[in-house]
Structure formats: C-alpha cells, structure tokens
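Me: I would like to learn how to read pockets and helix contacts in a model. Can we take them one at a time?

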Amino acid sequence: VCIKIMTKTNCTQVTEFTLMGFTTDPVIQVMLFQMFLLIYLVTILGNLGIITLIKVSPQLHSPMYYFLGNLAFVDLCFSTVVTPKMLADFMLKERHVTYAGCVAQVFIFDILGIAECFLLATMAYDRYVAICHPLVYSLVMSPKLCFQLVFGSYLIGLMNSMSHTMGILNLSFCGSKVIDLYFCDISLLISLSTSDTTLNRTILRTSASLYGISSILIVLSSYTAICSTVLGIHSAKGKCKAFSTCTSHLAVVSIFYGTSFLMYLKPSSENSRGEDKWAVVLYTMVTPMLNPLIYSLRNKEVKKALRSITKIK
C-alpha cells in the first residue's frame, strides 16, 4: 500500500504535450507549410462556396443539398480543428499543445468524424428513396425528417466523443508527453497514459466498430437497392440519369471510407509511421478539400446554379 501511495504522489501530471509533426528539416518544413496552406485555403473556399451556393440558389433547396450543406460544414470544421495549429507549428521551434487543448481537439475531432459517417449514410438513404421510391420522395423526405436525420448525426457524434473524452479525463499522463503526429489523436493519447487503459481501448474499438460498421451497412444496403432498381430500367438514358445522381456521393464515400481504413485499420509498425502520417493527412486534410470539388465538378445542378449566380452563359 505504501509503495502505491508513494508512486501516485511522485507522479507529476503532464500539463502539455509535444507534437512531433513531420520533420525538423527547415527546407522541407517550408515546402510542407506552403502545400498544407494551399490545401486549407482550397478547403475553406470550396466548402464555404458550397454552403453559400446552396443557401442562395432556390433550385438547390432540396433534401439532397440540405445534407450536402451540412457535409460541407462538417468538412470545414473538421479541417479547421487540425490544420491551423499544424501550420502554426511549422513556424515555431517548439510544438507544444496544452493538456486542455489536446482534450478539446480530441472532443471536437471525434464529434465531426462520426457525424460525417452518418451524414454520408443519410445521403445514401436519400438517394435510395429518390431512385427506388420517387413517387413518395417528397412525402418521405420531409423537412422534419431531414432535420431529424442531420440532428441525429451530430448527436451520435457527440455521444461517441463524450464517451472517449470522459475516458481520457480519467487517465494519468506521467511519462512521455511526445505525440508522434501533428495533432492529438485519441489512440496515441491512450498509448501515452500511465494508467490502465484496458477500458479505454475497449470503448474505442467498440465505438469504431459499432458506428463505422452501422454507417457502412446503411450505405451498402442503400446502393444495393439502388443498383437493383436501376438495372430494372429498360432505357439506357434512364439508367445513366439515375446513376448520375449517385456518382458524386459514391466518389465522396469511397474517399472518406478509404482514407479512414488507411488511418485506423491498416496495421502500424515502427517502419511505417511515416506512411501512417500521410494516411492521416489524406483523412484529415485532403478529403475535406476534395468533397466540394467533386460535387462542383460532377454535379450538373450545382454547376447550373453556379453559372446562374456568376452570370456565365
């Protein structure tokens, strides 16, 4: 008992963490700063542009674009939680983040990550109703249901985040304070703790499986039904028209879940840490930048609304 008390007394709780980032080479740092700054600026302009376009264009006031506007908002916040701090760290010799700041970053990051999963699942369900049950689409996808689906996505993200954050607050950090990444990732924080993290790891695996698999199943079941319906259409033009409403969403879903797989499910090792960091870059910065570009370039209604706003004939 005395030994345990002495150990606990001598434990000095970490008040800040050190973010390793990518490299200490000043030349490479400048190059990476310029590249990530450009990505962030495109992300801001792209997602704000989508949100504004949907807001001011009457032809985009439909459930599909209501969900897209929320997806753009989540992507904008998702990138902002991580990128500005990383860009600032490129200019500093010491890359520190306070304990409170680290916990806050994990809290917001987890909300947005799960919210995006279920927003993408909701958009898949919306396409399912539009293609498989077009006659009752306006009745089923009512403004009330659309709000409930979006609110539910944020609520599930909040519940997931609170479970992780409360678990972190109960952990002790008395040893290493170096995070081998450019932001506070929950799995790395858990690995740095000097407490028993069995419960935290169980919660992390359970929530990732529960929310990740359930959202993927919604997407897969929706597109299975969509493919079955579209294949039953005799007109080639009708098939192309039906599939064209799904291509942008399918591209976004593929990128999001593909990069998520690289980040969380790819086996990690000492030799692959550099590769792991670039997988995280794809997930946290590149994906939020690509989503509005995909919808802008591949969606005819978005391009038509953009032309009408900019007066381009």
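Reply: Start with residue classes: Ala, Val, Leu, Ile, Met, Phe, Trp, Tyr, Cys and Pro count as nonpolar, Asp, Glu, Lys and Arg as charged, and the others, Gly among them, as polar. The lining of the second largest pocket has two nonpolar, four polar and five charged residues. This is a predicted model, where local features need pLDDT of at least 70, side-chain atom pairs count only at pLDDT 80 or more, and totals for chains, interfaces and linings use all residues. Residues are numbered from 1 along each chain as its sequence is written, and side-chain values use heavy atoms, with hydrogens and water left out.

Me: Which residues lie nearest the centre of the second largest pocket?

Reply: A pocket is an open set of points on a 1 Å grid over the protein atoms alone, where a 1.4 Å probe fits, with protein on both sides within 12 Å along at least five of seven lines; lining residues have an atom within 4 Å of a point. Here 11 residues line the pocket, and Lys241, Ser244, Thr245, Lys300 and Glu301 lie nearest its centre.

Me: How do helix 2 and helix 12 cross?

Reply: Axes are lines fitted to C-alpha atoms over the stretch in contact, and angles run from 0 to 180 degrees between N-to-C directions. The axes of helix 2 (residues 26-56) and helix 12 come within 10 Å and cross at roughly 80 degrees. Angles of 65 to 115 degrees count as roughly perpendicular, over 145 as roughly antiparallel. Helix 2 and helix 12 are therefore roughly perpendicular.

Me: Which residues meet there?

Reply: Contact means heavy atoms within 4.5 Å. Ile50, Leu53 and Val56 of helix 2 meet Val302, Ala305, Leu306 and Ile309 of helix 12. By class, that is seven nonpolar, no polar and no charged.

Me: What about helix 6 and helix 8?

Reply: The axes of helix 6 (residues 143-169) and helix 8 (residues 198-231) come within 10 Å and cross at roughly 170 degrees. That makes the pair roughly antiparallel.

Key. Helices (H or I, at least four residues) and strands (E, at least two) are DSSP runs, numbered from the N terminus. Angles under 35 degrees count as roughly parallel, over 145 as roughly antiparallel, 65 to 115 as roughly perpendicular and the rest as oblique.
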